[in-house]
Amino acid sequence: VSGTGEHRRGANRGVELLLLAVLVGLMLLASRATEGGGSPALAALGFLLLAGTVVANVLEPIGIPHLTAYLLTGMAAGPYALHLVDHQTVQDLSPINALALSLIALAGGAELRISMLRSTARSLLWAMLVQNVAVLLLMSGAFFALRSFLPFARVLPLTAVLGVSLLWGMMGITRSPAATLGVLSQTRAKGPLANFTLGFVMTSDVVVVVLLAVVFTVARPLIEPGSPLSLRSFRELGHEVLGSVALGSTLGLVLAAYLRFVGRQLVLVFVALGLVMTQVLDYLRFDWLLIFITAGFVVQNLSKQGDRFLAEIERLGEIVYVIFFATAGAHLDLRLLGQLWPLALALAFARAGCTWGAGQVASRLAEDPPALRRWGWSGLVSQAGLALGIAAKIQAEHPSFGTAFAAMAVATVALNELVGPVLFKTALDRTGETAAQPEPEVAAETPAT
Amino acid sequence: MNALWAMMGLIAAAFVGSVLVGRRGQRRHGLASGSEPVLVGFLLGPTVLGLVTPGLLELFTPLAQVGLGWLALILGLDYGWVDRRRIPVLRRIGGTLAGVLTLAVVAGATFLLLRRLQFTGVPWWQDTVRWIQAGGVGAACAETTRHAVRWVADRVKAEGPVTELLLDLSDADDLGPFLICGALFTLEPPAGLRWATHPGVLWAGQIGLGVAIGLLTALLVSREFRSRSLWGVLFGTSMVAIGLAVRADLAVLTVGFCMGLGLSAVSRHRQAIRALVLPAEYPLRLPALLLAGARIDVGQVPFLTWLVPGILAARLVAKALVAGCAALLYPPLRRAGPPLVPGLMACGPSSMAIGLAFALRFPGPVGETVLVSAAAATILGELVAPAGLRSALRRAGEATTQTGPQPAAEVAA
């Protein structure tokens, strides 16, 4: 029976691959046969969604996480490979991406239960301290050590290199809430490792925002000698963090009230929140990721609507993750990665090593259980939008070296984005936290009469 | 009005649409045809208040295309079915013929009117622009909306062979107009296509594309896909179908409808898919109709005062022919009597969708003529059809209650 089941599954994967090939052929034909008609964004969105879903399904048996499959799909379909999705289309899809990320942040906040945070408080506190401070300093050191191999750093004075190294170290402590949630959503893992990683990645967003202000304040006089030590960043930080938490709490309470008293068409409410609020909040200069995480947290912990809220978001989960990661894959500059890969690989290795080392130290200090001690670092390797956002900010504030810095960051983040989820999923599988039962299949109906 | 507020407005419209639908998918309030948003859109549009500018409408064109494609997909998926009951083949053929007959009569009358009002010197068989214009008007005026029939039947608690026949015919009459839309779109070479292709090949290509993507969807969902993946697959394939049609300047309605037909014909999960997408119909339809209303610009329609009454008169004649033929072939229908003719005049979402599709593909007098005709037919249908249907069902002895809203207890159920 098992052999027959395996055979059937193998045949299914074959058919799915064949269908994917048909779809790719259709898209290639469309791109050759059409010119100057309507926007290609709709077809591209559909293709990424469909191809991502099929590729994830096909690669699942060999242990590749779904979101890595989505990324690979985006990379293959993107402007640097098959060119089924061009640069302009990737830009056109950015509002959809923002919508996806806001839903991921809402889900992330809603997954954080106070009871869970309490049970992992000791581990979280030590990890927060060691993983952020030590990795920041160690990654700054690694960058400083590799400066002679980096063309843009080689020409800078030593003090400026120190400042740039600090900025690189800052990039090193960003993690990807989307990747963490994506893997947890697929594996439906439950246990100490899942709880710890979720708690750490979600709460570290606040720590990263604070450290970012500190690092920016310290690095500026080093990079631009003569510029005063300005505390402007802290004023902005206060506005951003306090404003975001206040707004997020209000939004959470409003959502909880909506769920309690209306409770219909939540998908439309989420779409409105994602598309419209991100535009407004960008204008108000608030951290909308923090707002949505706080809102989700409030709904989960200050109302009785948390489970229902999470279930509604999870209904959209499959679509949201495919769109977010496939678009991110299409966005990856493969040409740049091809040029910078040796250095990017060295920096990514250094970061993974620092994360592992910091994980060992933090786990010993917190007296974590063996599984957490061994694998606690694995979920902290993934990087995505937050790191790229910081790189873009550095590029805007320091045009002299910012472009090259951002290119290096994109190449390194690309590697972490690809490897991180595989590592985290492997850890969840090894610790036995992955759900044993797969999601039920759609039941076929009896033939219509 | 900026894009952000307009987007909020559309989402609010979709929300209101969903609230107006009862738990059993039936509307509790509003007009019989379900075309209230057209009026709201018209008021907000350039003709009246001018709050929705042409630039803003351009911005929302992709959204309108997605709305149209999904509506067509839902209609295709539901074609030949009334809830869980399969419509008999003969009735499906009858409904299709009724739609095609109305289309032909209205299109013919419109073509003659257009040639009479503005003679261009082009021989009639070469007057492609007029054919597109007249054909579009015919397609937009062909349907009898199932929403109005169901709306009236629910209110008078009608049950019986005549009610069933009217539901079946009104469901099955969408096939002709939706397929012919695709043919009309190919009469003017699509700007998006790099290679010149014969219109017949292009038409078959649209149908083939829709059916092929429908079959591909059916194959994908019949595999090991999980319930959560179903949305992803369905959304993905429909976006590919709609996106390819938009990119090549083809008819989104034809491709979407054929995709629904293909999927419905072969999928073992038809009911599950139907259950998944049907709740999305009203929230999608509402913003699409709102955009259709906002696009109406009567100033662009030549000879409006002659053309529109002529089209409506032709539609009345066509529906009288349909009623007559149906009564000849199906004796119980004779009991419904003359009120059946105005009863069949109901039209709404499908007509407006065709009108909007033409307005998007042929901006200017051609598209506007089709859109304004669809709106006029909808308004006339709204005025005469509910009363006609009520009277017809009462005469047929199938209406069990007087008119009025459903009892609150039943609505709650």
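Q: A crossing is left-handed if the near helix is turned anticlockwise from the far one by less than a right angle, and right-handed if clockwise; which hand describes the passage of α3(A) past α19(A)?
A: This model is predicted, so local features need pLDDT of at least 70 and side-chain atom pairs count only at pLDDT 80 or more, while totals for chains, interfaces and linings use all residues, and side-chain values rest on heavy atoms, without hydrogens and water. Residues are numbered from 1 along each chain as its sequence is written, with chains lettered from A and ligands numbered from 1 in the order in which they are written. Helix α3(A) passes α19(A) in a crossing that is left-handed.

Q: At about what angle do α3(A) and α19(A) pack, given that helices are DSSP runs of H or I with at least four residues, strands are runs of E with at least two, and both are numbered from the N terminus?
A: The axes, lines fitted to C-alpha atoms over the helical stretch in contact, lie 9 Å apart for this pair. Angles run from 0 to 180 degrees between N-to-C directions; under 35 counts as roughly parallel, over 145 as roughly antiparallel, 65 to 115 as roughly perpendicular and the rest as oblique. The helices α3(A) and α19(A) are therefore roughly antiparallel to each other. Their packing angle is about 155°.

Q: Which residues of α19(A) make the contact with α3(A)?
A: Contact means heavy atoms within 4.5 Å. From α3(A), the contact is made by A:L67, A:T68, A:L71, A:L72 and A:M75. From α19(A), the contributors are A:E417, A:L418, A:P421 and A:V422.

Q: How are α16(A) and α19(A) oriented to each other, and at roughly what angle do they cross?
A: Helix α16 of chain A covers residues 334-366 and helix α19 of chain A covers residues 399-430, and their axes come within 8 Å. The angle itself is roughly 65°.

Q: Which residues of α19(A) take part in the contact with α16(A)?
A: On the side of α16(A), the contact involves A:L336, A:L337, A:L340, A:L343, A:A344, A:L345, A:L347, A:A348 and A:R351.

Q: Within what distance do the axes of α7(A) and α11(A) come?
A: Helix α7 spans residues 121-145 and helix α11 spans residues 192-223 of chain A, and the two cross at roughly 45°; they are therefore oblique to each other. Helix α7(A) passes α11(A) in a right-handed crossing. Residues A:S123, A:L124, A:A127, A:M128, A:Q131, A:N132 and A:L136 in α7(A) meet residues in α11(A), among them A:F196, A:G199 and A:V215. The axes of α7(A) and α11(A) come within 10 Å.

Q: What is the relative accessible area of A:H83?
A: Residue A:H83 lies in the loop between α3 (66-77) and α4 (87-92) of chain A. Phi of A:H83 is near 60°, a positive value in a residue other than glycine. Relative accessible area (1.4 Å probe, protein chains only) divides residues into buried, under 20%, exposed, over 50%, and partly exposed in between. A:H83 is partly exposed, with a value of 43%.

Q: What is the phi of B:D83, a residue that is not a glycine?
A: Most residues other than glycine have a negative phi. Residue B:D83 sits in the loop between β1 (81-82) and β2 (85-86) of chain B, and it is partly exposed, with a relative accessible area of 41%. Its phi is positive, at about 55°.

Q: Leaving aside neighbours within four places in sequence, which residues does A:H331 contact?
A: Residue A:H331 is found in helix α15 (residues 306-331) of chain A, and at 49% relative accessibility it counts as partly exposed. The C-alpha atoms of A:H331 and A:L26, 305 residues apart along the chain, are separated by 22 Å. With those neighbours set aside, A:H331 is in contact with A:V90 and A:Q91.

Q: Is B:Q65 buried or exposed?
A: Residue B:Q65 has its place in helix α4 (residues 61-78) of chain B. Apart from neighbours within four places in sequence, B:Q65 is in contact with B:I242, B:V246, B:V252 and B:L360. At a relative accessible area of 14%, B:Q65 is buried.

Q: What share of the residues in chain B is buried?
A: Chain B contains 19 helices and 2 strands. Among its contacts between residues at least 6 apart in sequence, 82% join residues at least 24 apart. Of the 413 residues in chain B, the buried share is 59%.

How values were computed: A crossing is left-handed if the near helix is turned anticlockwise from the far one by less than a right angle, and right-handed if clockwise.
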